[in-house]
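Trainee: Could we go through this structure together? I'd like to start with the charged side chains and then move on to a loop.

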Amino acid sequence: MKRRRDPAAVNSDIIRRPIQRCAPIFLWPMVAAFCIGFVWPFIQGLFLSFTKFKTTSKWTWVGFDNYKRLWNERSMIGLSIRNTLIFASVVPIRLVLNVWLSNALYSRPFGNKFSRVILFIPQVLSGVAITLAWQWIFEENYGVLNTLLAAVGLPKIPFFTNEHFFRPATILIALYGSATNVVMLEGNFAVLDKSLMEAARLDGANERQVFWNVKFPQLTPTLFYLLTMGLIGAMQEQAIMQVLTTNGMGPNNSAITLTYYIYKMAFTWTATDGFGMACALSVVTGIIITALIRLNFAFGKKWVHYD
């Protein structure tokens, strides 16, 4: 006896077939955008890293000569890596402040809407505009901070001519404007398992123990995501260094990060380096960022909890 098909299954197949046929229509624009915006520039940059290419002449194949030149300039490359890693240290500091702010906003609902507005203002402003405002605050002669110091009889601080003050100033500027992290973490606080917190309190745990043993493990996936994205962004920092420095290098070359070094090779030192050297350093920078993120994933297995 022939088995009859379930009418509901037949109707489901009839509905599913047109959707499956339309899937490529929605998929191909994203694939095309990915290929045009990422795959092709990546291939082109990798190819140019093996060429001598300047804006005033056509490219010529030089093989690994650009990478050999980078090795010969390893002292300057090493300094730029050091400056970049020092700047990237702002990421964990910023996350600590973000967790504290998000916990404070979630625990004290009075006035948190106004606080969110104040925190989110930097997110809608240009990074260059924010850096220029901080430059006015830190300016050595007539800046707001040094004017206040002089008014109370204290010496002025050379933020832009002393590397020991320049680096903390750049880190302080980077700490400003992380409202997106606060909003994401505050949303994470809102969906924490309250039954676990109540059980811990019934067992005699104080609020500090509840935070570190119950709340924090549930925050770790979000913190890991923010740490990863923050490190990728910090390793590509250029705008703050470029705006703050008058000579383009900073005190004792402390403003030269990897991305800023790439920019100067391509557009400032065009006669000696050009796009070929800039692309070679871009490849090296990509390898360094990939290694750092892989290391972050390896350590993440020890402290990130997904259950």
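Trainee: Is arginine 69 buried, partly exposed or exposed?

Mentor: Bear in mind that this is a predicted model. In it, arginine 69 has a relative accessibility of 31%, so it counts as partly exposed.

Trainee: And which side chain does arginine 69 meet in a salt bridge?

Mentor: Arginine 69 pairs with aspartate 273, with an N to O distance of 2.9 Å. Because arginine 69 belongs to helix α2 (residues 65-72) while aspartate 273 sits in the loop between α13 and α14 (274-303), the pair ties together parts that are 204 residues apart in sequence. Aspartate 273 has a relative accessible area of 8%, which is under the 20% cut-off, and is therefore buried.

Trainee: How many salt bridges are there in total?

Mentor: The count comes to 4. One of them joins glutamate 207 and arginine 201, with 2.8 Å from N to O. Glutamate 207 is partly exposed at 47% relative accessible area, and arginine 201 is likewise partly exposed, at 35%. As for shared partners, salt bridges join Arg69, Glu73 and Asp273 into one network.

Trainee: What about glutamate 163, which residue does it form a salt bridge with?

Mentor: Its partner is arginine 167, and the closest N and O atoms are 3.0 Å apart. Both residues lie in helix α8 (residues 163-175), where they are 4 residues apart, or about one turn of the helix. Glutamate 163 and arginine 167 are both buried.

Trainee: Where is threonine 257, and what is it in contact with?

Mentor: Threonine 257 is in the loop between α12 (239-244) and α13 (258-268). With a relative accessibility of 1%, it counts as buried. Leaving aside neighbours within four places in sequence, threonine 257 is in contact with Ser80, Thr84, Glu237, Gln238 and Met241.

How values were computed
Residues are numbered from 1 along each chain as its sequence is written. This is a predicted model: local features need pLDDT of at least 70, side-chain atom pairs count only at pLDDT 80 or more; totals for chains, interfaces and linings use all residues. Side-chain values use heavy atoms; hydrogens and water are left out. Helices (H or I, at least four residues) and strands (E, at least two) are DSSP runs, numbered from the N terminus. Buried means under 20% relative accessible area, exposed over 50%, partly exposed in between (1.4 Å probe, protein chains only). Contact means heavy atoms within 4.5 Å.
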